[in-house]
Amino acid sequence: AALTSYPWLGCTGGPYSVWTHWGISDDVYCAGKETTFEFVEEVLSEVLDLFPSKLIHIGGDECPKSRWKACPHCQRRIREEGLKDEYELQSYFRRIERWMHTRGREIIGWDEILQGGVSKTAIVMSWNGKEPGIKAARQGNPVIMVPKWHCYFDYSQTSDPDRYEPLGNPRYVPVRQVYRLEPCDQLALPDQKRIMGVQCNLWTEYIGDIGHAQHMVLPRMAALSEIGWACDRKDYNDFVRRVPALVRIYEAEGYRYAPYLFEGIE
């Protein structure tokens, strides 16, 4: 959408159009043009004015490199900055982190920011499994664990979504799978302290209203909450015994929760 409005921010200059379909576009911001960084800083300036949070998420995921490989501006940037390849060119965006630091903020980025090297102060959000988060914690970075096969709540909650569930992503993350997450797995005690916490992601391409969102989140959020607060004393059978007590709260508040766990459907 930004490239459609400001085509000079892209490597080819366009014309571009706003996507109306699924997928990842090869067209991304040109990392070789100073106008790109001016634009990003101007947008982030507005974000910082709106949100006082010390932590600001800047993305960094799913960035194809094909346009950069063919772009003279990007290749000149690689040569002038002594970068090894386009992955290090992506990490060149860490200059935005330095810019944020001058304004008293810290960045969060998806785990792809590790690919070309990352500063020790960047917070890594590990979504491509736990392994990127383990790597980041071991090298000294703060980490938020959000591996997709445990924490993506837009994925279906039953093994037969066509039968039981609203239209959505058919990948499968039942309550049991959420509860299996071990956020500090394979980490020594000093590295475990770098795990800031866990998070669920609810991508809303298929979700049209708040009731549907509640259906996707509840009661999986209860399982993730217990992992965050009591990962050293987890007991799934005991969790299943206790979680029906939340139904009274859901119903009192008028929440549209998913009934599958309580009906024995997985």
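## Aromatic pairs

A search through the whole structure turns up 19 aromatic pairs. Here, a pair means rings of Phe, Tyr or Trp (its six-membered ring) with centres within 6.5 Å; planes under 30 degrees apart count as stacked, over 60 as edge-to-face and the rest as tilted. Keep in mind that this is a predicted model, where local features need pLDDT of at least 70, side-chain atom pairs count only at pLDDT 80 or more, and totals for chains, interfaces and linings use all residues. Residues are numbered from 1 along each chain as its sequence is written, and side-chain values use heavy atoms, with hydrogens and water left out.

Let's start with Phe37 and Phe93: their ring centres are 4.8 Å apart and their planes sit at 35°, so this pair is tilted. Phe37 belongs to helix α2 (residues 34-50), while Phe93 is in the loop between α5 (86-91) and α6 (94-101), so the pair ties together parts that are 56 residues apart in sequence. Helices (H or I, at least four residues) and strands (E, at least two) are DSSP runs, numbered from the N terminus. Phe37 has 1% relative accessibility and counts as buried; buried means under 20% relative accessible area, exposed over 50%, and partly exposed in between (1.4 Å probe, protein chains only).

Another tilted pair is Tyr250 with Tyr255, with centres 6.5 Å apart and planes at 50°. Tyr250 is buried at 6%, whereas Tyr255 is partly exposed at 34%. There's also a cluster, in which ring pairs link Trp110, Trp127, Trp149, Tyr152, Tyr155 and Trp203.

## Charges over rings

Phe37 turns up again here, with Arg95 lying over its face at 4.0 Å from the ring centre. Over at Tyr179, the charged end of Lys234 sits above the ring, 5.3 Å from its centre. To count, NZ of Lys or CZ of Arg has to be within 6 Å of the ring centre and within 35 degrees of the ring normal.

## Helix α7 and its neighbours

Helix α7 covers residues 131-138, and its buried residues are Pro132, Gly133, Ile134, Ala136 and Ala137. They pack against β3 (123-126), β4 (143-145), α11 (189-192) and β7 (195-198), with contact meaning heavy atoms within 4.5 Å. After α7 comes Gly140, which has a positive phi near 105°.

## Around Ser119

Ser119 is in the loop between β2 (106-110) and β3. Leaving aside residues up to four places away in sequence, Ser119 touches Arg94, Glu97 and Asn141.
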